[in-house]
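Hi,

Here is the structure I promised to pass on. Have a look at it first, and then read on for what turned up in it.

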Amino acid sequence: MLLLTAFSVAASVALVAVFFVVFEGQPEDLPAYFVPAVIVPAMVAPLVIHLLLGLAVELEAAHSQAAQQQEQLQRVRQLDLVGRLASGLAHDFNNLLTVVRANVEALGGATVREELSAIDDAAVRGARLTRRLLSISRHDVVERVAQPLAPLLRETEEMLRRVLPPNMQLEMPPVLPDVTLEFDHDAIQQALLNLALNARDAMGAHGRLTITVHGRQTEDGPWQVLEVRDNGPGMPPEVLGRATEPFFTTKAAHEGTGLGLAIVHRCMAQHNGRLVLDSEEGIGTTAALWFPSTLRGSDVIRRERVPTTPPTGIRRSERYDLLVIDDEPEIRSVTERALRRLGHRVTSVGDIAAAMAWLETAPKVDGIVSDVMMPGGTGIELVHLLRSAGRTTPVLLVSGFALEVLDDVLSADSSVAFLPKPWALDALMSGIESVIHKPNPDQPTAP
C-alpha cells in the first residue's frame, strides 16, 4: 500500500509539472496547485486503495466459499446416488434371499439337511451384507439391544486374525471388561472391521494394531471407550479434518471409496455415541468409539424383530384366513405356499388397490401380510386406508429395510407389527400370531 501511495503522489507531482509547462504557470502559483494536486491525492489514495483491496479480498473469499459449497454439493449428490443404488440393490437382494430361505425350509429333509443348512447360512450372511449397503443409503436403522461387549470383541478378533498380514501384530486385552452396552451387533462389528482394515492399509505389511476398552467419566456422564490404535504413518491435520467426509480418501481410485469412516461416524451417532479420531504424523492413529455407559431402555429400537417363538397361550394348530400383498410374484408365491403348508387359508394379490377390492367382498380375514414399498401404494398407506374404513384387521408389514416413517404407525397402532426380509418361516408365523393376538387397547376387554 505504501508503494501505491508513493506512486499516486509522484503521479500528482508529475501532473503539476506538466500543468506548468503546458500552461506556462508562474512559480508563485505553485503552492496554490500543490495542495489539491499532491496533498489531497496523498491523503485519499490510501483510503481508496484500502477499499479496493478489501473488496478484492471479499470477492476472493466469496469465490472460495462458492467453490467449497459446490464441492460439498457434488459430494452430497454422489452420496445420494450411491444411496439410491444401494437401496435398490438391497431391496431386490432381500427379495431373492427371502425366496431362498423359504424354499430351503420347504425342501428340508434328513438327506439334504447339511446342504440346506449351508444355503440358509449363506442367505443369512447375504442379509447382513444388505444391511451394510443400507447403512450407506441411510435407510437402515440400527437395533440397539442391551448385551455384553466382550463376545463381540472376541468374535471380531477371530475375524481379524484371518485377514491381517502374518507380520502384523494384533493386541487385545487377555481379560476384557465385563460391561453391558446397548448396541447393534452387526453394525458395531462392521465399524470395528472398517477401522481395523483402514489401519492395516495405512501400516502395510508390518505394524501393530491394538484394541482396548476402558471407562471414561466426562461432564456428559460415564462412557465406555473402544479404541482401535495403530502405529502407522498417521495423518496430517488437513487430512484428519476431512477423514469422516463421504467419498474423501487418500487412497488410489481402485483401493478405497472414502465411505468407511463416514459409515462409522453415522453408526456411532445412531448409538447416541461418537467417533473420535486422533492422529499424529510418524506416530500413528487412534480411532475411539464412545458408547454411553448408562442403559437407556426407552431408546432401544426393537421394531426390526418379532418373536421367534409363539407367544404364551398361542397354539400353532390354529388356522387363519390370511391376505398376502407383495408386488414381487415370487415373494407372493413362496409366502402363500409356506403358509398353506401350515394349514392356513391364503389369498395373495400384487398391490394395495387389488387388496382393498378383495377386502370389500371377503367374508373374513384374520390378518394381512404386506410388503412396505410397492408401486401404487405402500404398506403404510394400506394401514391408513383400513383404519379410515373402520377395519381393525391386524397387519404384519415386511420389508428389506427398516424405514423411520414406520415409527409413527407402529407406535400408534398395536395391531401393526414389522418383520424384516429375508424372514424365516418360524419368524413369519410368530409375527402373524403375535399381531393377531396382541391386545388392542382401544377395544374393551370382557369382564
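Start with the open sheet, where five strands pair in parallel in the order β9-β8-β10-β11-β12. Strands β9 and β12 (416-420) are at the edges, each pairing on one side only. From one strand to the next, the twist averages 20 degrees. Helices (H or I, at least four residues) and strands (E, at least two) are DSSP runs, numbered from the N terminus, and two strands pair if DSSP finds at least two bridges between them.

Before going further, note that this is a predicted model: local features need pLDDT of at least 70, side-chain atom pairs count only at pLDDT 80 or more, and totals for chains, interfaces and linings use all residues. Residues are numbered from 1 along each chain as its sequence is written, and side-chain values use heavy atoms, with hydrogens and water left out.

As for the whole protein chain, there are 12 helices and 12 strands. It has 447 residues, and 43% of them count as buried (buried means under 20% relative accessible area, exposed over 50%, partly exposed in between, with a 1.4 Å probe and protein chains only). Among the contacts with a separation of 6 or more, 71% are between residues 24 or more positions apart; contact means heavy atoms within 4.5 Å.

Back to the sheet. β10 (367-371) pairs with β11 (residues 395-399) in the parallel sense over four bridges, and I368 stands opposite V395 in β11. β11 in turn pairs with β12, also parallel, over five bridges; there, L419 is the bridge partner of V398.

Is β12 enclosed or open, given where its residues sit? Five of its five residues are buried, so β12 is largely enclosed by the rest of the structure. Both of its faces are covered, with V416, F418 and P420 buried on one side and A417 and L419 on the other.

Beyond its neighbours within four places in sequence, S370 is in contact with I325, I352, G379, L382, L396, L397 and V398.

α10 (379-388) lies across β8, β10, β11 and β12, at about 145 degrees to β10 (axes are lines fitted to C-alpha atoms, for helices over the stretch in contact, and angles run from 0 to 180 degrees between N-to-C directions). G379, I380, L382, V383 and L386 are buried in α10. They cover an arc of only 155 degrees around the axis, which puts them on the same side of α10; the arc is that of the directions from the helix axis to the C-beta atoms. Just after α10, G390 takes a positive phi of about 85 degrees.

In α9 (residues 352-361), the buried residues are I352, A355, M356 and L359. Looking down the axis of α9, these fall within an arc of 95 degrees, so they line one face of the helix. They pack against β8 (321-325), β9 (345-349), β10 and α10. A353, E360 and T361 are exposed on the other side of α9. At the start of α9, a side-chain oxygen of D351 comes within 3.3 Å of the backbone nitrogen of A353.

Cheers

Technical notes
Polar contact = N/O pair within 3.5 Å; in protein donor to acceptor, adjacent residues only side chain to side chain.
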